[in-house]
Amino acid sequence: MQMQREQGVAFPPHLISLEQIRELTDIEETVDGSVRIGALTDLETCRTHPLVKEGCPALSEAIGTIASPAVRNKGTIGGNILYGVGDAVPALLAMNARLSWFCKNGIRSEWLLDYMSDQELPAEGAILTDISIPSLVEGHCFFRKVGRRETFIPSVVTVAMYVELTAQLSIQSIRLVAGGGVNTPRRLIECEKMLMGKQLTDELLRVLSSKLKEESALIGDAFTSADYRRTVAANLLVSELQSLR
Amino acid sequence: MKKNIRPDGKEKVTGRLKYLTDLAFPNMLYGKILRSPYPHARILSISTDKAKQLPGVQAVITHKDVPGLNGFGIVRPDQPVLCKDIVRYVGDAVAAVAADSIEIASRALELIDVQYEPLPVLDSPEKALEASAPLLHPDGNVLHRASFQKGDIEAEFSKCTTVVEETYHVPRQLHAYMETEGGVIVPEKGGGLTVYVGTQHGFKDRFQLSRILGVSEADIRIVSSPMGGSFGGKDELNIQPYGALLAIATGKPVKIHQTRQESMRSSIKRHPMMITMKTGVDRAGKLRAHQTTIVADTGAYATLGPAILDFAVEHTCGPYLIPAVKTNGVSIFTNNGVSGEFRGFGGNQITFALEGQIDRLAAAIGIDGIDMRRRNIRNEHDLGPLGQRIAETNGASDVLQSAAAVYAEKKRLLSNQDPWKRIGTGMAITMHGGGLGFGRLDPAGGRLSLKEDGEIEISFGFEEAGQGILGVIEAITTEQLGCAKEDISIVIGDTSLVPSSGSTTASRGTSMVWHSLQRLKKPFLQKLLARAAGIMGMKEEQLSIGPGGIWQNGECRLSFRELVSEQEPIIISTQFDFPVSPDPIDSAHFLYTYSGVVAQVEVDLLTGRINVGELHQSISAGPVVNEMGYLGQIEGGGVMAIGYTLMEDVIMADGHYVTENLDSYLIPGIKDVPFDLQMKAIESLPEEDHHGPRGVGEIGTVAVAPAIANAIWDAIGLRVSQLPVKPEAVLKSTKERGVLHGSQSSNSGAK
C-alpha cells in the first residue's frame, strides 16, 4: 500500500485496525493434520514457525522472498494474499490452501484457487480470518522467485509446484503454478492434466516446456518481456521435475 | 596503514549526526518547484494568480522574479533557473512556491496555470543531429567536440593481422545518494543569506548564486552537509536558487527537500554513451591502431558535459601504448534528462569499451587477456595518453601483476556443483586521472592556525558528503605535524570560515590535503618551536612537536595552550594549484591512479541472472592515508559499479522518465554484493615522487564493468557490449548457442 501511495494511488481515508483480535494471529495444527494460519500473522512469524518450516517448507521459503525483514515483521500473510500478486500465493496455490472468511452469516470457507480465479471476496465486507494448508507429507514442494535484483524486489517470475510420484516415478498428483509481476499467480491445469500418470521422459519434458510457456501466458512490462518470463517459468519448473528423476 | 575511526564515525553509526535536510528554523516555510510536464515545449503563458490566493502560500516566483542572471551551469550558465519561453526537459523549472506546509506548497503548484505548445522531442543524439532537428541552444545541438590523434592510423591498421570492431552502449546512471537534494536557506538579519545545502563546492555555489541573485558573494554563506552522499551529483547547483529566491521573497527561512521522484526528474545523471572502437594488433600481439568515436547524450544543458567528454577522449587508450590513435568524441544536446558529473567522469564508459576490445583481440589471436595486456602495458617512464609527461609511477604494471596473480588463484579454486550454473572469471585494468586537467583553473589551499584555546585548527574549503575527507584531514595533519588527534580541530564546509580549496571532486581532496600540509607544516612548526624556545629559554633544535604540545627529551614540556599569545596569532595559509603536466596539452592529467579488477560471476542458465560472487580490486594510488576510508571508497565504488553493470539504467522514452523512483530504477541490495569483496592497496611510489597519496574516490568504480563482462564471457561465451547486462540477453544467447542443452558437460565446454 505504501508503494502504491508513492506511485500516486490514493490512500483510503480510513483504516480499521484488527490487530487486537488475537485469534487472527494463531498458527496451529488441526485434527486432520492441516496447518491453520491466522490471517493477521506477520510474515516473519509465519516463516519461522516450526509447523510452517517443517510442514510446508516451500511456503516458508516463499515468504522469505517477500520484501525485506522489516516489512516481513509488519506485513501479514492475509495481506499478502489479498494483495493479489503476493509471493506467498503461488506456494499456497501449489499446496492447495483453503481460505476462511468471516461474513455476515458466519464463517465461509473456499479454496484459494477459487478465490484467485475470480479475485472477489465471497461476500460483501468479508474479512479473511485464516488460511489452511492440508498435510503434504506425501509429495514434493518447490517454490522459486526471480526478480530484477536478489532481494527486496517485486517478482518478475514466481513458480511453485507440488508433485507426488509413484514408486515407478510416474506422476500421481501434480499442481503447477506460475505468476510474477502484475501476473496473478495461476494453476496451469492443462499442463497438469498432460502430466498425470506419465513418466518424466525427455520427450515429455520438452513438450511440457513449450506447453508451460503457452499456458502460463505471463505478460511483460518495460523491463522484462513476456517471452522472458514464460521461458524462465518453464525452465524453472522443467528443471525441477528433471531433478526428481 | 592506519585503522582509525573517522572523526564523524561514532555520530554516524549512532544516528546522532543530522542531515542538513533535518534542520528547522523558527517561521520556516516549505518550498516546492514546478517543473515542466513536457520534454520540449514553448511556454505560452504562466499564471500564478490562483496559487497566490491559496491560504498559506507566502510566495510564488517565476522567471520575472530572478533579479540577476537567469541561468546556472559550472562550465556555462545555459540552464534557466526559471524558464521564460522554452522548456528543454521534464526537469526544467517554471515556477516555485513557498508556503506554510509542504501540502499547501504542493497544492499551490497544481494551481499554477502554465500554457505550453509542445515542440518536437529530440530524445536521442541521432535525432538531435538530423538536419531538420530544432536547435535546442543558439549554437546548435552539439555541446562539445573533442578529439585526439597520433600516428598514421591507416598505415598502422595495414600492419595489423587482426582487427576488432565493436559498438558499446552504456546507460544513464543515477547517483542514488542517500539524501536527495535539499536543505534550508535562511535570510540573515544583516541582509545576507545562509545556504544550508549539501554541495561539493561551496565557493562555486556562492559564485553562481551571487550571479543569479544579483548580490555580492560576501553576502552569501554556504554551509555544506556532513553526509548525505553526492558522487558528483551535487557539484552542480540543484535546489539552492529556488530556496534563495523564495527566502528573499518572503524574508523567512525556506526548506526545500526533493522527494525521490522529484530528484529522479531533475537531478543530473551519468552520460549515456555509444562508443565505437576499431582496434588492431600485429602478429606479435602488439596494439598498433585504435580508432574510436564517442557519442554522448548530454541532455538539455551543459553543466560539466564538455569536461566529461574530454576525459573520455583522454582515457581512450587507457594504460596501453598504441602507436596510432584516432579519437573523435561529440556530446549532444537532447531533450533527455541532464547528464553531468558522476564518479569516474567519463572514464567508466570508455574503459568498458577499451577493455572489451582488449579481451576480444586477445581471444581473436588466441592468447589470454593478461598476456595481451602485458605486451602492451605502459611503463613507468612512458608518456601519458595524450602524449603529456605525467607523474611517473609503475602503477599500471603493478596492478596488472597483482590482478594476474589473483586471477590465477581464483581460476584454480573454481568449483561448480550446480548443473544449471556456470562460473566465469574475468579481469580488467585501468588508469584514471585526478584533478581537473591542464588549462583548467584548479586552485587548492588550506590554513593552519593555533587557536586561542590552544587547539591547532586545520581548515579547508572541501566538503564532507560522507566520502571521508574528515578522516583524511585528521590522519594527514596529525602525521605531518606529529601531534595527536585530540590536539587538532578540523573546520570545513562553511564559506564564512574556510579558505578556498577548489572543488571536492576529481579525486583531488586527499591529494590536495597532503600537498597543503607539505606547504604549511614547515612554517607553522617553525613558528611554534620558535615561540616555545623563547618561553622555555632553549634552542629550537632541542625541541619537537608531539602529542599535547612541545616535547624535549621524550617528554611533553609545554602544552599548545601555553603557546597561545594574543599579540601574535600563528596563522599559516597556502594557495597553490593542483599539479599539472609540464606539457601544455589541454585537459591532460598529471596524477593518475591505477586499478586491476578481478571478478567472478555465476550465471544461472535457467534465468539468465548473473551473480557476482567475488570482486577483487588491486589499487595503486600511493600511500594509504586512512585504511578504512580507502577500503570504503574501493568497496563502495565496486558495488556502485556492479549496479552499473547489471541493473542500473535510467530509462527514458520520448523524453520522459520510465524509471521514476527506486522501485523501478534498481540499485544493488546487500544480496547483490559479492560475499567476497577484496582489496589490495599497492602503496609504493618511486623515491623521487613528491606527490604523496592520491585520491581514490573514483578509481574503484572504473574497471569493474569490463571485468564482469569478461567473466560472463568466460562463463558462457557471451560477449557483452551493452550495459546493464540483461538476464534476457543472457538467456537468449545461451539458448541460441545451446549452452543450456549442453548442461551436463563440463564448465569449459560452454565456450
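**Figure 1. The two domains of chain A.** The domain assignment, automatic or from a database, divides chain A into domain 1 (20-133) and domain 2 (140-243). The model is predicted: local features need pLDDT of at least 70, side-chain atom pairs count only at pLDDT 80 or more, and totals for chains, interfaces and linings use all residues. Residues are numbered from 1 along each chain as its sequence is written, while chains are lettered from A and ligands numbered from 1 in the order in which they are written. The centres of domain 1 and domain 2 of chain A, taken over C-alpha atoms, are 22 Å apart. Their contact takes 20 residues from domain 1 of chain A and 19 residues from domain 2 of chain A; two residues are in contact if their C-beta atoms, placed from the backbone, lie within 7 Å.

**Figure 2. The side of domain 1 of chain A that touches domain 2 of chain A.** On this side, α4 (57-64), α7 (88-94) and α8 (112-118) of chain A each supply at least two residues. Helices (H or I, at least four residues) and strands (E, at least two) are DSSP runs, numbered from the N terminus. The largest share, five residues, comes from α7(A). By residue class, the side of domain 1 of chain A that touches domain 2 of chain A holds 14 nonpolar, four polar and two charged residues. Here Ala, Val, Leu, Ile, Met, Phe, Trp, Tyr, Cys and Pro count as nonpolar, Asp, Glu, Lys and Arg as charged, and the others, Gly among them, as polar.

**Figure 3. Strand β8 of chain A and its two partners.** Eight of the ten residues of β8 (residues 171-180) of chain A are buried, so the strand is largely enclosed by the rest of the structure. A residue is buried if 20 or more other C-beta atoms lie within 10 Å of its own, exposed if 12 or fewer, and partly exposed in between, with C-beta atoms placed from the backbone. Strand β7 (residues 155-165) of chain A pairs with β8(A) in the antiparallel sense over eight bridges; strands pair if DSSP finds at least two bridges between them. A:Ser173 in β8(A) is the bridge partner of A:Glu164. The hairpin of β7(A) and β8(A) has five residues between the strands, and A:Leu169 in this hairpin takes a positive phi near 60 degrees. Strand β9 (residues 183-187) of chain A also pairs with β8(A) in the antiparallel sense, over three bridges. A:Arg187 in β9(A) stands opposite A:Val177. Two residues lie between β8(A) and β9(A) in their hairpin, and A:Gly181 in the turn has a positive phi of about 65 degrees.

**Figure 4. A three-stranded open sheet in chain B.** The strand order is β4-β2-β6 (chain B), with antiparallel pairing. The edge strands, β4 (86-87) and β6 (113-118) of chain B, each pair on one side only. Two bridges join β2 (residues 41-47) of chain B to β4(B), and B:Ile86 in β4(B) stands opposite B:Arg42. UniProt, in an unreviewed entry, places the feature "domain: Aldehyde oxidase/xanthine dehydrogenase a/b hammerhead" at residues 14-120 of chain B; its positions are given in the numbering used here, feature names are shortened, and annotations may be inferred rather than shown by experiment. Over residues 14-120 of chain B the chain is 14% helix and 32% strand, with the end C-alpha atoms 52 Å apart.

**Figure 5. Helix α7 of chain B.** Eight of the eleven residues of α7 (residues 240-250) of chain B are buried, and the helix is mostly covered. Among the buried residues of α7(B) are B:Gln240, B:Tyr242, B:Leu245 and B:Leu246. B:Gly251 follows α7(B) and has a positive phi, near 70 degrees.

Figure 6. B:Phe345, in the loop between β15 (324-333) and α10 (347-365) of chain B, is a residue other than glycine with a positive phi, near 55 degrees. B:Phe345 is buried, with 28 other C-beta atoms within 10 Å. B:Asp654, also other than glycine, has a positive phi near 55 degrees and is found in the loop between β26 (652-653) and β27 (656-657) of chain B. B:Asp654 counts as exposed, with 11 C-beta neighbours inside 10 Å. The peptide bond from B:Leu723 to B:Pro724 is cis, with omega near -10 degrees; B:Pro724 is in the loop between α17 (704-716) and α18 (727-736) of chain B.
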